[in-house]
Amino acid sequence: MASLADVLFFEAQQRGDVANNICCDMGNAEPQWASPAHGIFISIEAAGVHRSLGVKVSRVLSTTMDSWTPLQLRMMELGGNKKFVEFLQEQGVPDNMPIRLKYMTRAADWYRKQLLAMAEGSAPPESLVPGTGHLPMHDATTDATQRVLDEVFCSANLFSNPCTQCATASKAHARGRCLSSGGGSSSSTDSCSESQSPTPPLRQLQQLLQIEKLQQLHVQRLWTSKGDRAAEKLRTMSTGTMRGFGSGD
């Protein structure tokens, strides 16, 4: 159970910055959960996704029910939703990137290490290589497959194109960005073409196909994590489709 001092601390954090009173991932009002590794406030729905990432990436705690350590409180004090969101934007991480992929980027990984170092008073991590923050985190020196993917991502700079962001968005409102930027135009492609340098249609199609293929590969790699396998086991148990748990077994 959170102490009275902890509860008052979180109330002050959320009153002092309106961004902290909205879920950092989903926009829900008055979030009561947090990820101290990132210094952010999140909703219970987003907390479920964070749990699937594993505690090495994001340990979620309730701001009203869980006990907090001084280090975790310090990370929340130094962090904040606004700081985290602005950093990801600076590193080229798309706003519409799925939650699981967003927290597995190099930018999110660096931010976690930097925030922990600040809270502990230890040496900061090495700076991110420019233009790589939106890429998946991994050991590029030992993974040849990931090196190839890095080259494709960096050379194409796919996610810096606002029209590419619309095409790869996971939500309908994100896909409509080009429409909104075009002043209500009925054609998203017309408004897009006016806001960027000319690119051959074939090249645009190739870029979009590359994005789709690379995202599928990344999701497949993430699916092998223990957290995902455990989540799938719980899901099948709850739906009665796992052997030994359903009425049809």
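Buried here means under 20% relative accessible area and exposed over 50%, with partly exposed in between (1.4 Å probe, protein chains only). The model is predicted, so local features need pLDDT of at least 70 and side-chain atom pairs count only at pLDDT 80 or more, while totals for chains, interfaces and linings use all residues. Residues are numbered from 1 along each chain as its sequence is written, and side-chain values use heavy atoms, with hydrogens and water left out.

On pLDDT, the predictor's confidence in each residue from 0 to 100, the protein chain averages 74, and 55% of the residues score at least 70. Residues 156-199 stay under 50, with 54 contacts (heavy atoms within 4.5 Å) beyond four places in sequence. Residues 244-249 are also below 50, and this stretch has 7 contacts beyond near neighbours in sequence. Where pLDDT is low, the predicted coordinates should not be read in detail.

The structure holds 5 salt bridges, each a side-chain nitrogen of Lys or Arg within 4 Å of a carboxyl oxygen of Asp or Glu. One of them joins Lys 102 to Asp 25 at 2.8 Å, N to O. This pair links distant parts of the chain, 77 residues apart: Lys 102 belongs to helix 5 (residues 99-102), and Asp 25 to the loop between helix 1 (4-16) and strand 1 (33-35). Helices (H or I, at least four residues) and strands (E, at least two) are DSSP runs, numbered from the N terminus. Both Lys 102 and Asp 25 are buried.

Within helix 3 (residues 70-78), Arg 74 and Glu 77 lie 3 residues apart, about one turn of the helix, and form a salt bridge of 3.2 Å between the closest N and O atoms. Arg 74 counts as partly exposed because its relative accessible area is 34%; for Glu 77, also partly exposed, the value is 43%.
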